[in-house]
Amino acid sequence: MPTPNAQWAGSDFQEPPRTTGGVALCGACRAAGACRLGVDKEWLRDDGVAWFELACPRSQEGGPNVAHGGWTASVMDECLGHLPLLNRVLSVTAELTVSFVKPVPVERPVQVRAWVERREGSRWYIAGEMTLLPGGAVLARASGIWVTRDPGHFARHEAWLADQ
């Protein structure tokens with residue numbers, strides 16, 4: 001069954017709906033009207049580095065006053081994966097490695113930055129880190145591979161799924 005938000009990224013999958021903070025919204029977040037992971041702002045600097053401001057919502061608490069590790073991994077996937085999107089390129093995650101350096105406090109401002117380490121054909125090798133504001137203590141680091149996709153990617157997936 002297709003998602004009710006099949007048009008989340010528009011007809012060309014390059015200009016998804018965005019919040020007032022510039023955050024590109026996936027299908028589920030579009031329905032909610034905000035990023036459910038807590039990303040409030042995102043932007044691409046002239047040097048090609050993407051920046052994100054966010055806070056872990058209390059609903060993602062794992063231990064006392066700290067984020068669930070799954071939230072941290074999801075945020076790193078989301079933020080690093082938005083770097084191609086901020087460059088008007090649709091991509092999907094092929095591989096992601098996350099290093100959990102320190103527990104992420106809930107409801108405290110954090111920042112993620114993401115940069116391209118290299119590109120090889122359709123593959124984007126991206127790295128990033130999450131830091132606690134205002135001091136800049138590193139909370140997590142991540143690296144991975146994102147593969148570019150054309151607008152027919154999700155339709156092909158739906159067809160494949162129907163055959164399973």
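How far apart do the end C-alpha atoms of residues 65-132 lie, and how much of the span is helix and how much strand?

## The annotated span

The end C-alpha atoms of residues 65-132 lie 14 Å apart, and the span is 26% helix and 47% strand. Helices (H or I, at least four residues) and strands (E, at least two) are DSSP runs, numbered from the N terminus. An unreviewed UniProt entry annotates residues 65-132 as "domain: Thioesterase"; such annotations, given here in this numbering and with shortened feature names, may be inferred rather than shown by experiment.

This is a predicted model, in which local features need pLDDT of at least 70 and side-chain atom pairs count only at pLDDT 80 or more, while totals for chains, interfaces and linings use all residues. Residues are numbered from 1 along each chain as its sequence is written, and side-chain values use heavy atoms, leaving out hydrogens and water.

## The sheet and its helix

Six strands form an open, antiparallel sheet in the order E1-E2-E4-E5-E6-E3 (two strands pair if DSSP finds at least two bridges between them). At its edges are E1 (39-44) and E3 (91-100), each pairing on one side only. E4 (residues 109-120) and E5 (residues 123-132) share 10 antiparallel bridges; Arg119 has Trp124 in E5 as its bridge partner.

Helix H2 (residues 69-86) packs on this sheet, touching E1, E2 (50-55), E3, E4, E5 and E6 (137-148), where contact means heavy atoms within 4.5 Å.

## A charge over a ring

Now to a side-chain detail: the charged end of Arg118 sits over the ring of Tyr125, 3.8 Å from its centre. The criterion is NZ of Lys or CZ of Arg within 6 Å of the ring centre and within 35 degrees of the ring normal.

Technical notes: Axes fitted to C-alpha atoms, helices over the stretch in contact; angles between N-to-C directions.
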